[in-house]
Amino acid sequence: MTPRRVTVVGAGVIGLSVAHELARAGDRVTVVADRTAADSVSAVAAAVWFPYRAGASPSMPRWLARSLIRFAELAEDPGTGVDLREGTVVERAPGADRSWTAAVPAAREALPAELPPGALSGVRATVPVITGSQYLPWLAARCAALGVGFSPRTVPAVDELAGSADLVVVAAGLRSGELLDDDSLFPVRGQVVRVANPGITDWLTDDEHPEGLTYVVARRADVVCGGVAEVGSWELAVDPAVEASILARTAALVPALAGQPVLSRAVGLRPGRESIRLEHVPGDAVPVIACYGHGGAGVTLSWGCAEAVADLAGAGLAGAG
Ligand SMILES: Cc1cc2nc3c(=O)[nH]c(=O)nc-3n(C[C@H](O)[C@H](O)[C@H](O)COP(=O)(O)OP(=O)(O)OC[C@H]3O[C@@H](n4cnc5c(N)ncnc54)[C@H](O)[C@@H]3O)c2cc1C
């Protein structure tokens, strides 16, 4: 049987993961994108496995659990850029949503000594930390090894792909809505500053910090310090005042960071949506599956969502002869 031709629009972590799963299932996949993963929002991600601002979805527990399993497998190979690292989710108000811990069996209550001043409670957990500068090229190379082709260009409209594809997957992040007439996406601006790693391995997230969302993610060679979550802001320039505030807040939480040299800085627009869109989309000249709107958790959910797209695509094939 001739393999099905699938075009995936988007080469961020979602597009690449989807392409990987479809190629693995036997499809002939082409990724069309006007930015490489290194130039996409995916490269700005911290990226710690945690469901930050990903909206509500009945499938969330499965996507989280499947991604965690896949990343844990990848962490066995240092070449992937994935490490399993222990860290703390700081809680400053009662009733924090701990549903994510269902996917992390060894998660435990943080001891008072493990929490910063002002914290009410917290969770200690070992989860994947993904160094994008290593992981995204690794993933693209894995795709290429599975026969995925890459076409660097802008797709103006999905119907333009009808002649060359039997199925299109729209995984174009924040710009997906332009292709599917969906105005429900909005930017959630983030800003990070990466400093030299003084030898720490833990991560820490403090969403309810009184001065704003704060996190510290220790990677191999650097530490990602963040951040902000500005809903509706399209500003791509680094804000020096925001950076100074991030450096002050993170050094207060993790004193070893004080004075560490800044290695790089970045801004990214998270693809915000009330809930992730992962479904067949009718009405185009070619069958379409949407996979976008992952907010602040696109890396976290990437494998679970990619598997779900492959399942949907497989179900769509059933009975097609
Ligand atoms: C500061 C910050 C910190 C974050 N931290 C984390 C974290 O710790 N953990 C986590 O899981 N997530 C984190 N995120 C969120 C994560 O980065 C995103 O959810 C994820 O990158 C979205 O991936 P994507 O592939 O959907 O989109 P993108 O990475 O934006 O990729 C979109 C792709 O689509 C292509 N494209 C778009 N439109 C077209 C078109 N018309 N034609 C051709 N190509 C097109 C682009 O060229 C690009 O290749 C963070 C984000 C930010 C900004």
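Predicted model: local features only at pLDDT ≥ 70, side-chain atom pairs only at ≥ 80, totals over all residues.
Glu 109 counts as partly exposed because its relative accessibility is 44%, a value that falls between the 20% under which a residue is buried and the 50% over which a residue is exposed.

**Glu 109 and its surroundings**

- Glu 109 is found in strand 4, which consists of residues 108-109.
- When residues up to four places away in sequence are left out of the count, Glu 109 touches Arg 98, Ser 121 and Gly 122.
- With one of these residues, Arg 98, the side chain of Glu 109 forms a polar contact of 2.8 Å.
- Between the C-alpha atoms of Glu 109 and Val 18, which stand 91 residues apart along the chain, the separation is 35 Å.

**The ligand and its shell**

- The ligand has 39 residues around it, and of these Asp 34, Ser 42, Val 155, Gly 295 and Thr 300 come nearest.
- Sorted by class, the shell around the ligand is made up of 21 nonpolar, 13 polar and five charged residues.
- At least two residues of this shell are supplied by each of helix 1 (13-24), strand 2 (28-33), strand 8, strand 13 and helix 6 (298-317).
- A polar backbone atom of Ile 14 is 3.1 Å from an oxygen atom of the ligand, while a polar backbone atom of Ala 46 is 3.1 Å from a nitrogen atom of the ligand.
- An oxygen atom of the ligand also lies 2.9 Å from a backbone N or O atom of Gly 298.
- Of the 1,000 Å² of accessible area that the ligand has on its own, the protein covers 96%.

**Helix 5**

- Helix 5 runs over residues 240-253, has 14 residues, and reaches 20 Å from its first C-alpha to its last, which is close to the 20 Å expected at 1.5 Å a residue.
- The N-terminal end of helix 5 is capped by Asp 239, of which a side-chain oxygen lies 2.9 Å from the backbone nitrogen of Ala 241.
- Within helix 5, the residues Val 242, Glu 243, Ile 246, Arg 249, Thr 250, Ala 251 and Leu 253 are buried.
- The cover over these buried residues of helix 5 includes strand 8 (186-196), strand 9 (203-206), strand 10 (214-218), strand 11 (222-226) and strand 13 (262-272).

Terms used: Residues numbered from 1 in each chain as written. Heavy atoms only, no water. Helix = DSSP H or I, 4+ residues; strand = E, 2+ residues; numbered from the N terminus. Expected span 1.5 Å × (residues − 1). Buried < 20%, exposed > 50% of the residue type's maximum accessible area, 1.4 Å probe, protein only. Contact = heavy atoms within 4.5 Å. Polar contact = N/O pair within 3.5 Å; in protein donor to acceptor, adjacent residues only side chain to side chain. Near = heavy atom within 4 Å. Areas by Shrake-Rupley, 256 points an atom, 1.4 Å probe, with all protein chains shown as cover. Nonpolar A, V, L, I, M, F, W, Y, C, P; charged D, E, K, R; others polar.
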